[in-house]
Amino acid sequence: MKKSINLRSLAAQAVEQVVEKGQSLSNVLPGLQQKVSEKDKALLQELCFGVLRTLPQLEWLIGKLMSRPMTGKQRTIHYLIMVGLYQMLYTRIPPHAALAETVEGAIAIKRPQFKGLINGVLRQFQRQQEALTAEAQAHDSRYLHPAWLLARLKAAWPQQWESVIEANNQRPPMWLRVNRQHHTRDGWLALLEEAGITGFTHPSYPDAVRLESPCAVQALPGFEKGWVTVQDASAQGCVTLLDPQDGESILDLCAAPGGKTTHILEAAPQANVMAVDVDDTRLSRVYDNLKRLGMRAEVKQGDGRDPASWCGDKQFDRILLDAPCSATGVIRRHPDIKWLRRDRDIAELAQLQSAILDAIWPHLKPGGTLLYATCSVLPEENSEQIARFLTRTPDARLVDTGTPAQPGLQNLPAATEGDGFFYAKLIKQ
């Protein structure tokens, strides 16, 4: 590895790209990880995810430690100091090593004149750490969420908002989906135990296994052979509720990266599945998933608001609409969501979901099933969205998922549970 590569400076640049430029971490991080050695990839990921998870607290601390913020071209230094603070607060890296490496980061980003400043701020934090962290506990920054999202969660979940926030701030559990075409879940669990790995089943989702602690996929029995797939338990709930059958014509709309497409084919290998997504680049992941599992589906690029352009007047027995949403249910997996989303996005997303629902409904056969799903925990995208749809769609009937007064099923994220997810199962009368 080249000596000039400094892990802390890469992490600072990644966080800056997310917060200042609105880039998704999943787009930024892979390119940066290519610059570091194999053993350093995990640490780079930990620093990026960690800083984005705890951003409000780190901002508050910098406000206490510096008389004025870094602006303009010096913003990278602001994020480099954050990386230093995060290491001191949340990692087992010895403080002297964290401090030295972070100071060196200034040279890597060609700002050597700021070495003294970074050193001074981090040493000042070391001296005042106990008092500052105690003071931070009385401030709203302790929730580690932007104010607008905090307000929405409190309004939507007056009893549960604190547990939702606590789950969002944790590292996510690792859930797997056992491919029932190869093994029963319990049969595969036995193989997992033989490999020295502990797993737990889910009471509602028949293919789901949660690992006691996350591990590399290469360690999972038969991963390369398609025996098992990494997929959150709540995402698996979509196919449990959809209940696909062999011989049916099934549409997976907004299908990328293809986890639900392949789950449909595991449940009903003789089904005719069409997987559609608007994002051409993300569709490559659908092909990858189908290839690894040795499956076939018709994959198309298309906009859910204009189905005629990619399926003509074709109708389907079942439609899974995993609608574009705020992703507020998967924050623990993607902490950058807190900083990429804005309050105004929610109304725009609800409008988009509504347009897709109205456009795709005519493509469902009479007697057919549409499952509407989101990885959101906000009512505007979920129960309120479905209530409005039922009001304006006389031939739609809600089944198995709530009541017309309170439509849908809402999963909230929890430590040993799946992510935040919403489902509404609709039958065309």
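1. At 69% relative accessibility, Lys-110 counts as exposed, where exposed stands for over 50% relative accessible area, buried for under 20% and partly exposed for the range in between, computed with a 1.4 Å probe and with protein chains only. This is a predicted model, in which local features need pLDDT of at least 70 and side-chain atom pairs count only at pLDDT 80 or more, whereas totals for chains, interfaces and linings use all residues. Residues are numbered from 1 along each chain as its sequence is written, and side-chain values use heavy atoms, with hydrogens and water left out.

2. Lys-110 sits in the loop between α6 (95–108) and α7 (115–136), and its phi is near 60°, a positive value in a residue other than glycine. Ala-327, in the loop between β8 (316–322) and α15 (337–340), likewise has a phi near 60°, again positive in a residue that is not glycine. Ala-327, however, is buried, with a relative accessible area of 12%.

3. Another backbone feature to inspect is the cis peptide bond between Ala-256 and Pro-257, for which omega is about 5°. Pro-257 belongs to the loop between β5 (249–253) and α12. Helix α12 itself (residues 259–267) has 8 of its 9 residues buried, so it is largely enclosed by the rest of the structure. The buried residues of α12 are Gly-259, Lys-260, Thr-261, Thr-262, His-263, Ile-264, Leu-265 and Glu-266, a list that takes in the charged side chains of Lys-260 and Glu-266.

4. On the overall fold, the secondary structure comes to 17 helices and 12 strands, both taken as DSSP runs numbered from the N terminus, with helices being H or I over at least four residues and strands being E over at least two. The radius of gyration, taken over C-alpha atoms, is 23 Å, close to the 22 Å that the globule rule (2.2 Å times the number of residues to the power 0.38) gives for 429 residues, so the protein is as compact as a globular protein of that length. Along its principal axes the C-alpha trace spans about 70 × 50 × 40 Å. Of the 429 residues, 54% count as buried, and 72% of the contacts with a separation of 6 or more are made by residues 24 or more positions apart, a contact being heavy atoms within 4.5 Å.

5. As for the surface, the protein exposes about 19100 Å², of which carbon and sulfur atoms supply 49%; the areas come from the Shrake-Rupley method with a 1.4 Å probe, and for residues only the protein chains shown count as cover. There are 49 positive and 47 negative side chains, and the centres of the two sets lie 7 Å apart. Here Lys and Arg count as positive and Asp and Glu as negative, while His and the chain ends are not counted, and each charge is placed at NZ of Lys, CZ of Arg, CG of Asp or CD of Glu.

6. In helix α17 (residues 383–392), the buried residues are Ser-383, Gln-385, Ile-386, Phe-389 and Leu-390. They cover an arc of only 160° around the axis, judged by the directions from the helix axis to the C-beta atoms, which puts them on the same side of α17. An α-helix has 3.6 residues a turn, so residues three or four places apart point the same way. The cover over the buried residues of α17 includes α16 (345–360), β9 (364–374), β10 (396–398) and β12 (421–428).

7. Gln-160, in the loop between α8 (147–156) and α9 (161–168), counts as partly exposed at 31% relative accessibility, and its C-alpha atom is 8.8 Å from that of Leu-412, although the two are 252 residues apart in sequence. Ala-108, a residue of helix α6, is also partly exposed at 31%; the C-alpha atoms of Ala-108 and Arg-8, 100 residues apart along the chain, are separated by 9.2 Å.

8. Gln-245, in the loop between α11 (233–242) and β5, is partly exposed at 35% relative accessibility. Leaving aside residues up to four places away in sequence, Gln-245 touches Ile-250, Ala-268, Ala-271 and Arg-318, whereas its C-alpha atom lies 17 Å from that of Leu-426, 181 residues away along the chain. Ala-190, in helix α10 (residues 185–194), is partly exposed at 38%, and the C-alpha atoms of Ala-190 and Leu-371, 181 residues apart along the chain, are separated by 33 Å.
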